[in-house]
Structures are given as C-alpha cells and as structure tokens.
Amino acid sequence: MYHSISNAATAQFKPFAVSPVHFAEQMAYLDAQHYTPITVAQLIASRCLGGDALPQKPVVVTFDDGFADFYTTALPILAQHSFVATLFVTTDFVNATSRWLQKEGEATRPMLTWEQLSELAAYGIECGAHSRSHAQLDILPHAQAKAEIEQSKQCLEEHLGRAITSFAYPFGYQTARIQQLVQAAGFSAACAVKHGMSSAKDDPFALQRLMVSNEMETTDFAALLSGAHRSPLTGVTTIYLRTRTPLWQLIRRASAMLKRYKYGTEGS
C-alpha cells in the first residue's frame with residue numbers, strides 16, 4: 001500500500017510519501033526477484049478459479065487517494081517494468097487538491113485529473129473507489145456512508161466508461177455494516193489495511209495490505225514481503241498504526257455516537 005510518491009511532504013504526512021528513488025528501487029527489486037504485479041480485480045478473478053490463474057509470485061501494488069504524482073512519477077517507474085497497479089480514487093477531489101488533509105498541512109497537494117485517470121485506465125491501471133470525500137465511513141450515519149460508497153463508484157464509472165469493482169476503505173476503517181454496503185453497491189472486493197499479508201483465506205471485502213513507509217530501504221522492503229520486517233516504528237507512523245487498533249476504533253465510534261445523540265437531543 002502506497003499513497004504519494006514524492007520527496008515533498010510535511011512532517012505529519014511524511015510517512016505516506018515514499019521518495020521516487022526508493023519507489024524505483026522497490027519496483028526494480030520486484031522485477032529482479034521475478035514477482036508479477038497483478039490488480040485487485042485479477043486477484044479476485046483468480047480466486048474464483050481456485051487460485052490456478054495466479055502467477056508463481058503474485059504481488060498487488062496499490063495506491064490510495066489518487067495523488068497527481070501517481071501519473072507524473074509512479075507510472076513511468078511502473079511502465080519501465082511493464083507493471084500494473086490498482087489505484088483507489090477519492091472522487092470529490094479529482095481535478096482539485098487534497099483538501100481532507102488540512103490538519104496535516106497538505107490541503108494543496110495536487111490530485112489526478114479525469115483526463116489523467118482515463119489515460120491510466122487505458123494503460124491497464126485498475127481504478128478503484130476510495131469513497132467520495134475520504135470520510136471515516138464507520139462513524140457516518142447509514143445513509144451518508146451508503147452515498148459515499150455508491151456515488152464514488154457511479155462517478156468513476158461515468159467518467160471512465162468501465163465497471164469499477166474494487167474499493168478501499170478510507171483510513172482502513174470498516175465494520176461488518178460497511179462491508180455489506182460495499183458489497184451491496186456492486187463491488188467484488190475491498191481493501192483494508194491490517195498490516196498483514198493477504199491470503200486466499202482472506203474475506204474479499206477485508207483484504208489485508210502492508211504499508212510501505214517513507215523510511216523503507218530495499219532491504220526493509222524485501223523483509224516486508226517475506227514477513228520478516230520487524231523494525232521499530234516511531235513518531236507519526238506509530239500513531240498511524242495505533243489509531244487502527246480495535247480499541248481505538250471502538251472509542252472513535254462511541255464518541256461519534258455520543259456526538260450525534262447530543263446534537264439530536266439539543267435540536268429536539
């Protein structure tokens with residue numbers, strides 16, 4: 001799981017911005033070790049066939065959010081190796097900037113345009129949905145969460161003229177209710193985070209992913225793929241992982257419910 005491929009980032013966003021040099025080295029490593037990148041859609045299609053359609057060393061390279069540097073920086077590197085990837089797009093911010101990252105000081109980071117997304121889809125990049133506004137879906141009212149999921153799919157399909165079958169939960173936040181909404185919207189699979197290796201036993205609507213951080217050298221990247229990466233995490237990255245623990249998510253959801261109850265009673 002990648003986000004931005006860039007040397008420029010604020011301190012708060014830095015863990016999610018992998019340098020172009022490191023990304024190029026990581027893709028070169030995949031190529032040298034004979035990994036075959038496939039898309040999420042290809043992964044799910046192969047599972048329907050019992051896994052027989054998978055290459056010997058499959059890997060799914062995913063990008064969340066839809067930053068413009070995917071087109072300008074990541075794609076040329078992927079193309080050098082004839083690699084595909086899956087890109088999850090936050091549709092409200094296409095042709096704009098990453099306004100949801102205001103607290104991180106990254107509200108002006110350029111996002112992809114519809115023209116660029118059309119080119120990417122034609123190249124073979126799978127475009128999936130990442131909600132409309134990058135909302136925390138698990139704490140939204142039912143109707144609002146449903147709209148975030150369904151409308152992001154509809155928007156991508158209208159602009160790209162192809163079926164959109166994959167979804168990624170913003171922040172990795174999801175519940176059984178959100179998974180059901182994603183499935184009901186017509187998606188075939190959805191990616192979480194979970195910081196683990198995905199397997200054939202994974203729920204297709206809770207696929208595990210490994211986050212590639214800005215600090216990873218090629219040796220760390222290799223260890224990550226082998227399951228041996230155990231380097232200590234510090235700073236913002238630790239907070240990022242901690243906020244995805246079940247306890248923290250329970251606290252977030254309880255807080256959101258209390259706020260909705262408070263505003264509802266005050267307005268009645």
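Which residues does Arg209 touch, not counting residues up to four places away in sequence? They are Met1, Thr62, Asp64, Phe88, Ala168, Cys191, Ala192, Val193, Lys194, His195 and Gly196, where a contact means heavy atoms within 4.5 Å. This is a predicted model, in which local features need pLDDT of at least 70 and side-chain atom pairs count only at pLDDT 80 or more, while totals for chains, interfaces and linings use all residues. Residues are numbered from 1 along each chain as its sequence is written, and side-chain values use heavy atoms, with hydrogens and water left out.

**Overall picture**

- The protein has nine helices and 10 strands, taken as DSSP runs numbered from the N terminus (helices H or I, at least four residues; strands E, at least two).
- Of its 268 residues, 49% count as buried, meaning under 20% relative accessible area, with exposed over 50% and partly exposed in between (1.4 Å probe, protein chains only).
- Among contacts between residues at least 6 apart in sequence, 64% join residues at least 24 apart.

**Arg209**

- Arg209 sits in strand S10 (residues 207-209).
- Arg209 counts as buried because its relative accessibility is 5%.
- Its side chain makes a polar contact with the side chain of Thr62 at 2.9 Å; such a contact is a pair of N or O atoms within 3.5 Å, and within protein one must be able to donate a hydrogen and the other to accept it, while residues adjacent in sequence count only if both atoms are side-chain atoms.

**Helix H1**

- His22, Phe23, Gln26, Met27 and Leu30 are the buried residues of H1.
- Seen down the axis, these buried residues fall within an arc of 130°, so they line one face of the helix; the arc is that of the directions from the helix axis to the C-beta atoms.
- The face turned away from the buried side carries exposed Val21 and Ala32.
- Cover for the buried residues of H1 includes strand S1 (4-5), helix H3 (69-80) and helix H7 (218-226).

**Nonpolar cores**

- In the largest nonpolar core, of 53 residues, Tyr2, Phe23, Phe63 and Leu117 touch the most other members; a core is a set of buried Ala, Val, Leu, Ile, Met, Phe, Trp, Tyr and Cys residues joined through side-chain atoms within 4.5 Å.
- A second, separate core of 11 residues includes Phe13, Phe16, Leu101 and Val193.
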